Amino acid sequence: MDDQGCPRCKTTKYRNPSLKLMVNVCGHTLCESCVEMLFVRGSGNCVQCDTPLRKSNFRVQLFEDPAVDKEVEIRKKVLKIYNKRDSDFPSLREYNDYLEHVEDIVFNLTNNVDVEATKQIMEQYQRENRDIIQKNKVKLTREQEELEELLLLEQQGNEQRRLETLQEEQRQLVAKRKNKQALLDELESSQLPATLLLAQHKDRAAQLETQLERQRQVVKPTIFSTGIPMGQTVLLQPVARVEEVLYRYQPLQIHTHGPAVPELEQLGRLGYLNHVRAASPQDMAGGYTSGLACHRAVQDAFSGLFLPTR
Amino acid sequence: MYHNSSQRKYWTFENEDCLEKLRCQANQKFRDKIISSGKVGVHESLLLDPLEEDVLFKHYEKRLLDFCAVFKPAMPKSVVGTANMYFRRFYLNNSLMEYHPRTIMLTCAYLACKVDEFNVSSSQFVGNLQENPAAQEKALEQILEYELLLIQQLNFHLVVHNPYRPMEGFLIDLKTRYLALENPEMLRKTADDFLNRATMTDVGLLFSPSQIALTAVLNSASRAGLNMESYLTECMGLKDDKETLSKMIDSMRRTKNLVKKYEPPKPEEVIACKQKLERIHAEFALNTNPKRKRGYEDDDHVTKQHRVAEEVGVNSASQAQCAT
């Protein structure tokens with residue numbers, strides 16, 4: 001992250017990792033301390049490109065590449081004016097054309113291409129569509145408010161749940177302590193034998209546990225986390241049923257065109273292994289057995305013996 | 001295994017006539033190529049005909065076997081067999097006039113070592129050639145040039161099933177099941193000898209290796225005066241299957257005849273054909289080699305400086321990128 005240094009004081013960024021880089025409308029970065037120093041009077045010129053800037057225009061850099069930050073700023077401003085939604089357009093094609101137009105504008109402004117012409121286009125658009133812009137602004141603010149309300153509700157729900165679990169735990173602790181205390185008291189005062197009292201105590205403790213379990217299970221969820229209430233029938237198109245033929249395993253059939261070869265396991269019993277060089281311990285360590293070589297030799301001897309099968 | 005191998009599917013033919021035809025075709029193809037290339041002073045009689053090619057082929061095959069015999073470290077029999085089979089298959093579809101058999105023979109041996117996992121480094125391999133180091137280097141270069149061509153002409157079918165393991169299998173089986181024969185070990189030597197002679201014939205391209213091995217075993221038994229008919233009928237379960245039995249006996253007879261028919265080439269013929277071959281290669285081979293050399297150099301053996309220059313270029317380019 002500290003691969004970029006402040007272009008002016010260079011060293012300060014490396015030495016002080018908590019130092020932030022600020023970006024301005026021209027796309028060039030300066031660290032906080034340099035901003036303070038240069039713009040002590042409130043306005044000045046950029047160090048690298050000499051454009052007149054104001055101190056208030058500096059924002060903390062969010063992205064590594066200052067060009068991206070610059071584009072983000074420009075985009076915000078452009079979208080304040082070009083705030084139509086897809087519902088405002090009669091066809092998808094027109095909406096896409098509109099979006100492309102917006103992108104062109106952002107691109108031009110970011111890369112300093114035809115800045116004057118683009119700004120004029122923007123002003124013209126603003127004048128023509130003033131009321132639509134206003135309406136959309138209102139809609140946007142309303143949506144944002146709704147979102148915020150939902151977030152708030154969620155947060156409150158979380159808080160409540162946390163409090164409840166805390167309280168539960170407290171109650172459990174208290175109950176357990178009471179139980180222990182009761183046992184001690186009984187041991188002191190009662191006439192019954194100690195083992196009986198201990199057994200009673202254990203029973204009570206078990207009962208408490210089951211009670212707690214039941215209490216926990218009572219809470220049944222009625223609503224999914226996305227907001228859809230449970231048990232609601234969702235109308236979807238039924239999935240098309242695809243009937244396939246059930247797979248049946250057929251074992252592989254290989255024609256060796258020769259007499260049958262005895263199985264590897266049978267070789268010892270049939271006496272083949274007596275006529276093969278026995279495997280030394282070094283060979284067997286790797287998993288080699290004399291049966292393997294014998295089997296291979298016999299397989300090769302019998303394979304293709306009855307050819308041609310015409 | 002042999003029954004589902006590429007050898008059975010693509011490199012086993014019906015009879016010797018098929019093989020003859022293929023070799024004549026390869027010969028004819030080269031002739032047409034030479035005539036159509038329109039070189040001045042080309043005469044039909046300068047080119048080898050199939051019989052002369054056969055003589056040379058046998059000669060170089062013998063040279064290959066001798067080379068493998070004196071190879072250090074000792075080359076296992078399967079590697080020799082594989083190399084021989086590659087040599088044979090290559091010249092089934094190509095003419096000796098187009099690719100010199102000496103290089104192809106070394107390439108076959110080299111490739112066979114690799115395929116059969118008989119680990120020999122390339123310098124060790126050419127160290128076995130009886131020549132000075134410079135000539136060895138040149139030979140190595142040639143081998144590496146022709147290697148890919150060889151693999152291609154083998155149609156990438158590199159696994160070869162030799163009859164040596166089936167023969168071992170038969171000996172084991174005889175010792176286990178065929179107790180009428182007291183000492184099958186005595187058959188080993190003659191059977192081995194039979195197989196060595198069989199590799200110098202076309203049997204590998206006509207019959208399955210197990211059949212060749214069985215022929216070898218039965219042949220050596222009959223030489224020793226033992227009758228092993230009952231082995232076939234009893235142990236192989238062919239008592240009732242007369243048709244398969246007769247077919248097998250027929251194949252074995254054909255194999256035996258082929259092996260018996262083999263004659264080593266006469267020295268004076270070899271010398272005459274060799275002269276012709278050298279002349280042909282000197283005249284016509286010039287157009288093929290340089291092209292291939294250039295193509296190969298583009299791959300690996302490129303001048304080392306180029307690669308270094310490339311790396312430096314790449315480094316500076318990447319540095320420039322980082323700086324922006």
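Guide: Begin with residue classes: Ala, Val, Leu, Ile, Met, Phe, Trp, Tyr, Cys and Pro count as nonpolar, Asp, Glu, Lys and Arg as charged, and the others, Gly among them, as polar. This is a predicted model, in which local features need pLDDT of at least 70 and side-chain atom pairs count only at pLDDT 80 or more, while totals for chains, interfaces and linings use all residues. Residues are numbered from 1 along each chain as its sequence is written, chains are lettered from A and ligands numbered from 1 in the order in which they are written, and side-chain values use heavy atoms, with hydrogens and water left out.

Visitor: How many cavities of 30 Å³ or more are there?

Guide: On a 1 Å grid over the protein atoms alone, a cavity is a set of points where a 1.4 Å probe fits but cannot get out; a pocket is an open set with protein on both sides within 12 Å along at least five of seven lines; lining residues have an atom within 4 Å of a point. Grid points are joined across faces, edges and corners, and a volume is the space filled by probe spheres set on the points. The count is four cavities of 30 Å³ or more. The second largest cavity has a volume of about 40 Å³. Its lining is made up of A:Gln172, A:Ala175, A:Lys176, A:Leu208, A:Glu209 and A:Leu212, which divide into three nonpolar, one polar and two charged residues.

Visitor: What is the volume of the largest cavity, and which residues lie nearest its centre?

Guide: The largest cavity holds about 160 Å³. Of its 16 lining residues, B:Met85, B:Asn162, B:Pro163, B:Thr199 and B:Gly204 lie nearest the centre. By class, that lining has seven nonpolar, eight polar and one charged residues.

Visitor: Which helix gives the largest share of the lining of the largest pocket?

Guide: Helices (H or I, at least four residues) and strands (E, at least two) are DSSP runs, numbered from the N terminus. H3(B) gives the largest share, eight residues. Twelve of the lining residues are nonpolar, two polar and 13 charged.

Visitor: Is B:Thr201 buried or exposed?

Guide: Buried means under 20% relative accessible area, exposed over 50%, partly exposed in between (1.4 Å probe, protein chains only). B:Thr201 has 7% relative accessibility, so it counts as buried. B:Thr201 sits in the loop between helix H9 (186–199) and helix H10 (209–223) of chain B. Leaving aside residues up to four places away in sequence, B:Thr201 is in contact (heavy atoms within 4.5 Å) with B:Arg88, B:Leu258, B:Val259 and B:Tyr262.

Visitor: How many aromatic pairs are there over all chains?

Guide: Rings of Phe, Tyr and Trp (its six-membered ring) pair if their centres lie within 6.5 Å; planes under 30 degrees apart count as stacked, over 60 as edge-to-face and the rest as tilted. There are 17 aromatic pairs over all chains. One of them joins A:Tyr82 and A:Tyr98, a tilted pair at 6.2 Å centre to centre with 45° between the planes. A:Tyr82 lies in the loop between helix H3 (66–81) and helix H4 (92–110) of chain A and A:Tyr98 in that helix H4, so the pair ties together parts 16 residues apart in sequence. Both A:Tyr82 and A:Tyr98 are buried.
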